[in-house]
Amino acid sequence: MEQVDALIVGGGPAGAACAWKLGQHRADFLLLDKAVFPRFKPCAGWITPQVLKDLELNPATYPHSLTHFTRFEVFIKNFHFKPRTNQYAIRRFEFDNWILQRSKSRMVNHAVKKIRFEDNRYIVDDVFSAKYIIGAGGTHCPVNRTFFGNDPERKSGPLIVAQEEEFIYDYSDARCYLWFLQNGLPGYAWYVPKANGYVNVGVGGSEAGLKARGDILRRHWMLLEEKLDEMGLVRGHAYQPVGHSYHLRGKAPVLRRGNAFIVGDAAGLATVDMGEGISPAIQSGLRAAEAILSGVEYSVRSIPKYSFPSILGLR
Ligand SMILES: Cc1cc2nc3c(=O)[nH]c(=O)nc-3n(C[C@H](O)[C@H](O)[C@H](O)COP(=O)(O)OP(=O)(O)OC[C@H]3O[C@@H](n4cnc5c(N)ncnc54)[C@H](O)[C@@H]3O)c2cc1C
């Protein structure tokens, strides 16, 4: 059995940020991911300046696609406004791999199935053993399922179902569009043009909200295709959207149990208003690493629950 001090399950932004911090302090850790990187991840890839700050990412030297938006086209029902902003967009395929590579982590391609706690160590699939385990496996994280699933105090935030597609397109409109609450969607749709000729379009909304209306996300995807065509944003594209789901921030008082931690989507930390999860994933990953390295309390209380203040430049 391979023995290390810490095992990180999942190499998305939460796991990679944790690995980056542990690596800076020469900790003895191993990162496991079921995917081979660079891997595809359904996501609009919109990031805040806070992400750049937390990762010490300099836009001038970042080697991949990075788009800077200073204004948004926002539609809330029929109301249209153009707030100033200071936000960025990356491609997850490139960005996640870049954080991981930079962390110089030792990584093993392994789909974690069973974890048990025995003699003060976490044993993963009878293959890996560690004193600490960090659950960064996203919505269906096995660390969360095994050690945090039965918390009676826990109230997960709404489950968001989303469909999106990122593709090469010779776009002529470089503005970023957000459509909120259109046609009864309890969520929003987006058009995000990116560097190097990519466009990301998608719809996302509360699963419970859709169900209560007898509605389905697919209908809103079809309406988005029509809107993109009508507005001349995307025409003549044969769409192949993919779906994914994740929880918005709810009430999860316990995010550390013994030496087991959950971070990012595994802990359900995406913002309540916009479902922005990359920044909370990175911040929680860094905090879990700090807790392991220096014994400080692991807490996500000060990680913002809302995105609007940042989008509108108020934070
Ligand atoms: C359509 C869509 C659009 C989005 N747009 C945005 C956006 O624009 N901006 C934003 O901030 N957020 C956005 N989000 C949310 C964001 O994608 C997530 O909050 C973020 O990816 C969370 O990062 P994470 O590291 O916690 O999890 P993930 O990125 O999901 O990474 C988890 C990793 O764990 C691995 N894993 C899972 N299970 C196992 C296992 N059993 N064994 C080993 N490895 C495992 C996976 O392969 C994966 O690499 C969007 C989400 C969706 C669905």
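Start with helix α1, residues 13-24. It has 12 residues, and at 1.5 Å a residue they should span 16 Å. The expected span is 1.5 Å times one less than the number of residues. The end C-alpha atoms of α1 are 16 Å apart, so the helix agrees with that figure. Helices here are DSSP runs of H or I with at least four residues, strands are runs of E with at least two, and both are numbered from the N terminus.

Before I go on, this is a predicted model: local features need pLDDT of at least 70, side-chain atom pairs count only at pLDDT 80 or more, and totals for chains, interfaces and linings use all residues. Residues are numbered from 1 along each chain as its sequence is written.

Is α1 mostly covered or mostly open? Mostly covered: nine of its 12 residues are buried. Buried means that 20 or more other C-beta atoms lie within 10 Å of the residue's own; 12 or fewer is exposed, in between is partly exposed, and C-beta atoms are placed from the backbone. The buried residues of α1 are P13, A14, G15, A16, A17, C18, A19, W20 and L22. They pack against β1 (2-9), β2, α2, α3, β10 (128-135) and α7. After α1 comes R26, with a positive phi near 55°.

Now α3, residues 92-103. Which of its residues are buried? They are R92, F95, D96, W98, I99, L100 and S103. An α-helix has 3.6 residues a turn, so residues three or four places apart point the same way. The buried residues of α3 pack against α1, α2 (49-55), β6 (84-90) and β7 (107-109). K104 follows α3, and its phi is positive, near 55°.

Next, the ligand. The shell around it holds 41 residues, and the closest are G10, G12, G138, G264 and G277. By type, the shell divides into 19 nonpolar, 15 polar and seven charged residues. Nonpolar means Ala, Val, Leu, Ile, Met, Phe, Trp, Tyr, Cys and Pro; charged means Asp, Glu, Lys and Arg; the others, Gly among them, are polar.

The domain bounds come from an automatic or database assignment. The C-alpha centres of the two domains lie 27 Å apart. Nine residues of domain 1 contact 15 residues of domain 2. Contact means C-beta atoms, placed from the backbone, within 7 Å. On the domain 1 side, the touching residues are five nonpolar, three polar and one charged.

Now the whole protein. It has eight helices and 17 strands. The radius of gyration is 20 Å, close to the 20 Å from the globule rule for 315 residues, so the protein is as compact as a globular protein of that length. That radius is taken over C-alpha atoms, and the rule is 2.2 Å times the number of residues to the power 0.38. Of the 315 residues, 43% count as buried.

Y88 lies in β6. Y88 is partly exposed, with 18 other C-beta atoms within 10 Å. Leaving out residues up to four places away in sequence, Y88 touches I47, L52, L66, T67 and H68. S206 sits in β14. S206 is also partly exposed, with 18 other C-beta atoms within 10 Å. With that sequence cut-off again, S206 touches P158, I160, P186 and G187.

Most residues other than glycine have a negative phi, and most peptide bonds are trans. F37 and P38 are joined by a cis peptide bond, with omega about 0°. P38 is in the loop between β2 and β3 (46-47). L181 is not a glycine, yet has a positive phi of about 55°. N183 is not a glycine either, and its phi is positive, about 50°.

Technical notes:
A residue is near a molecule or strand if its C-beta atom, placed from the backbone, lies within 6 Å of it. Two residues are in contact if their C-beta atoms, placed from the backbone, lie within 7 Å.
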